[in-house]
Amino acid sequence: MDSDEGTVNLISKEGEGFAVAVEVAKMSKLVETTIDDEEDEDDMNDIQLPNVKASVLAKVIEYCEHYKQQEEMTNIQTPLKSSKIEDLVQPWYADFVKIDRVMLFELVTASNFMDIKPLLDLTCLAVSVMIKGKSPEELRRIFNISNEFTPEEEAQIREENKWCEQPPTR
């Protein structure tokens, strides 16, 4: 198979197959490496992605197809000029990450596992915008982190570290 022609079958954690154009699938460095490593084999069609659920893989493919076939996402410039996603990327990409928290976190994990840097950048941007300005309690709830400190221990830690919450003096 020519490395940029044809389709490849991406297999989700549940065993569901998705036929994807090779050029689109190669946005994933993991898939690209797998295709390149197995290029000599005539029957190379299936690529197992055991860490990616079917619903998440469908969203990953939607992103990659739009990126490759419609418009590339502009690079996210840091430091961020705005705390609104709409000001940092094109409208389609901003709408793409307006999804429930669980799916967003699963997309972060999938884009990291599949090594798709633009998608990882976008999903991490969405997470950073979501958590900006949140209190420690709100962050614990968002990330499902239990508070391991007693109220007394937490008060002591806050007292010891209150300097970091004060604006710098000149």
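In this predicted model, the buried residues of helix H6 are Pro118, Leu119, Leu122, Thr123, Leu125, Ala126, Val127 and Met130. The cover over these buried residues includes H3, helix H4 (91-96), helix H5 (101-114) and helix H7 (136-143). An α-helix has 3.6 residues a turn, so residues three or four places apart point the same way. The length of H6 agrees with expectation, because its 15 residues should span 21 Å at 1.5 Å a residue and its end C-alpha atoms are 21 Å apart. After H6 comes Gly133, which has a positive phi near 80°.

**Packing of H3 against H6**

Two packed helices are described by the angle between their axes and the distance between the axes. For helix H3 (residues 54-69) and helix H6 (residues 117-131), the axes come within 11 Å and cross at roughly 115°. Since angles of 65 to 115 degrees count as roughly perpendicular, H3 and H6 are therefore roughly perpendicular to each other. Their crossing is right-handed. H3 contributes Val60, Tyr63 and Tyr67 to the contact, while H6 contributes Pro118, Leu119 and Leu122. By class, the residues of this contact comprise six nonpolar, no polar and no charged.

**Loops and backbone features**

Ser28 lies in the loop between helix H1 (22-25) and helix H2 (29-37). Its relative accessibility is 1%, and Ser28 therefore counts as buried. Leaving aside residues up to four places away in sequence, Ser28 touches Met114, Asp115 and Ile116.

Asp115 is itself located in the loop between H5 and H6. Although not a glycine, Asp115 has a positive phi of about 60°. Asn144, placed in the loop between H7 and H8, likewise is not a glycine and has a positive phi, of about 55°.

In the loop between H3 and H4 is Pro79. The peptide bond that joins Thr78 and Pro79 is cis, with omega about 0°.

Pro167 belongs to the segment after helix H8 (151-160).

| Residue | Relative accessibility | Class |
|---|---|---|
| Ser28 | 1% | buried |
| Asp115 | 40% | partly exposed |
| Pro167 | 65% | exposed |
| Asn144 | 71% | exposed |

Key: Residues are numbered from 1 along each chain as its sequence is written. This is a predicted model: local features need pLDDT of at least 70, side-chain atom pairs count only at pLDDT 80 or more; totals for chains, interfaces and linings use all residues. Side-chain values use heavy atoms; hydrogens and water are left out. Axes are lines fitted to C-alpha atoms, for helices over the stretch in contact, and angles run from 0 to 180 degrees between N-to-C directions. Helices (H or I, at least four residues) and strands (E, at least two) are DSSP runs, numbered from the N terminus. Angles under 35 degrees count as roughly parallel, over 145 as roughly antiparallel, 65 to 115 as roughly perpendicular and the rest as oblique. A crossing is left-handed if the near helix is turned anticlockwise from the far one by less than a right angle, and right-handed if clockwise. Contact means heavy atoms within 4.5 Å. Ala, Val, Leu, Ile, Met, Phe, Trp, Tyr, Cys and Pro count as nonpolar, Asp, Glu, Lys and Arg as charged, and the others, Gly among them, as polar. Buried means under 20% relative accessible area, exposed over 50%, partly exposed in between (1.4 Å probe, protein chains only). The expected span of a helix is 1.5 Å times one less than its number of residues.
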